[in-house]
Amino acid sequence: MTNDELDLALRQALLESLQLEQQSAPSDMLFSASTEYKRQMKKMLHNPHRWARIKAMRTRKYVLQRVAVILLIFITALAGTLMLIPDARAAVTRWLSKWNESHVTFKYTEPNSLAELAAYTITGLPETFSETERSSSEQLVSVQYQNDTGDIIYFSYIYMHDGASTDIHIDASEISSVAVGNLTGFFFHSLQPDSLNTITWIDSENQLQFVIDASLDISEMTALAVSVEKNKK
Amino acid sequence: MLALLLASLDSETEQVKFTRIYQMHHKTMEAKAFSILKNQQDAEDAMQNAFLQVIRHFEKAGTIADSELIFWLISIVKNEALLILRKRTRVVPPEDWSFFTSDVTDYYSLLDLISRLPDTCRAALEMKLICGYTNKEIASYLQISETAVSTRITRAKTFLKKLLESEGIYP
């Protein structure tokens, strides 16, 4: 039996095994669709393409929620240095509020002394990507870049100000330390299907935390991060 | 990953086909998800994740015979449900291969044996042979390494090949 013949035979056997299982499945299991589920299915049927994109963006939100974990690791890694730098140590204690096995909550209590958040841009975008959306508040800026095939790169940065907090859950990811210029950051390679990879780094001098989410590998993401520049006025 | 391979669903014809597939099979898929998860919210999550997979791999639907399409869909939703189940329990039991010493005398006992394969092993086989996913895609989907995917597939195929050949069992 050749490998192709074996694959064909096993494929058939797997299909028939599924068929047998289906025939013997109990019929008293009642799936009672919720209103939200029906709404989602209606949206999906109306435009599968768009629905899938929105679902993927929700995954992005989930990924962003993990960023605080990176910060904790970042802080822990620098613990030795921080002992020698009182200002930095103070900043750490202001960030780290609560940590347990399943999630971490950060709160930042530094008084807000920033008059206006500067504008930053990724200057080294891959080919055909361009900025499609930018939203900003006093302490947070989010920028979206998109290419002609619909791939998206999300770039955001936050001023680490009083009242900032993040409560996140930890899930399967491979974490690598990366250098973003002379700043230290971390790269999250998500092992979850549909999740974006994330790179984050902290510019302590300007009290900014940067985050980029995209489906790119570590070297591409690092290159994007290094290319982030403050807009010239 | 956010980048979605949705080009195959761009045309109106393909959207009509997608709607037809949904209308024909969603109830069977929902029943499958619910029978595994026994929780309405989880079953709905599994269904939505399953359709994300269907949309993403929709070009595969064109290569599968109509009579087999339902089993392709069941395989997808079943594996999405098992993924949720694994996350919920947070315990991954060791794979039990002891039943592989069982006597397999005919084709139906082989089908029974396949139905009792360890979950991740069977999922990897289904994704490879029914859905046509690459080892990398399977690894990402099951959250295991590509090596682990390859090991599972090779192990199962080697044993099943031996059975098929030694017993003269063919579908």
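Q: How much area do chain B and chain A bury between them?

A: The size of an interface is often given as the accessible area lost when the parts come together. In this predicted model, chain B and chain A bury about 5200 Å² between them. Carbon and sulfur atoms account for 66% of that area.

Q: How many residues of each chain are in contact?

A: On the side of chain B, 54 residues are in contact with 51 residues of chain A.

Q: How many salt bridges does the rule find across the interface of chain B and chain A?

A: Side chains of opposite charge can pair when their charged atoms come close. Across the interface of chain B and chain A, the rule finds 4 salt bridges. One example joins B:Glu68 to A:Arg11, with the closest N and O atoms 3.1 Å apart.

Q: Which helices of chain B each supply at least two residues of the side that touches chain A?

A: The helices of chain B that do so are H1 (12-37), H2 (40-56), H4 (66-89), H5 (107-115), H6 (119-129), H7 (135-142) and H8 (146-167). H2(B) gives the most to this side, with 10 residues. By class, the residues of the side of chain B that touches chain A comprise 29 nonpolar, 11 polar and 14 charged.

Q: At what angle do helix H2 of chain A and H2(B) pack?

A: Helix H2 of chain A, residues 35-46, packs against H2(B) at an angle of about 10°, and their axes lie 11 Å apart. Angles under 35 degrees count as roughly parallel, and H2(A) and H2(B) are therefore roughly parallel to each other.

Q: Which residues meet where H2(A) and H2(B) are in contact?

A: From H2(A) come A:Tyr37, A:Gln40, A:Met41 and A:Met44, which meet B:Glu44, B:Met47, B:Gln48, B:Phe51 and B:Ile55 of H2(B). The residues of this contact divide into 6 nonpolar, 2 polar and 1 charged.

Q: At roughly what angle do the axes of H1(A) and H5(B) cross?

A: The axes of H1(A) and H5(B) cross at roughly 80° and come within 9 Å. That angle makes H1(A) roughly perpendicular to H5(B). H1(A) contributes A:Gln12, A:Ala13, A:Leu14, A:Glu16, A:Ser17, A:Leu20 and A:Glu21 to the contact, while H5(B) contributes B:Tyr107, B:Tyr108, B:Leu111, B:Ile114 and B:Ser115. By class, the contact of H1(A) with H5(B) has 7 nonpolar, 3 polar and 2 charged residues.

Methods
Residues numbered from 1 in each chain as written. Chains lettered and ligands numbered in written order. Predicted model: local features only at pLDDT ≥ 70, side-chain atom pairs only at ≥ 80, totals over all residues. Heavy atoms only, no water. Contact = heavy atoms within 4.5 Å. Buried area = accessible area lost by both parts, 1.4 Å probe. Salt bridge = Lys/Arg side-chain N within 4 Å of Asp/Glu carboxyl O. Helix = DSSP H or I, 4+ residues; strand = E, 2+ residues; numbered from the N terminus. Nonpolar A, V, L, I, M, F, W, Y, C, P; charged D, E, K, R; others polar. Axes fitted to C-alpha atoms, helices over the stretch in contact; angles between N-to-C directions. Parallel < 35°, antiparallel > 145°, perpendicular 65-115°, else oblique.
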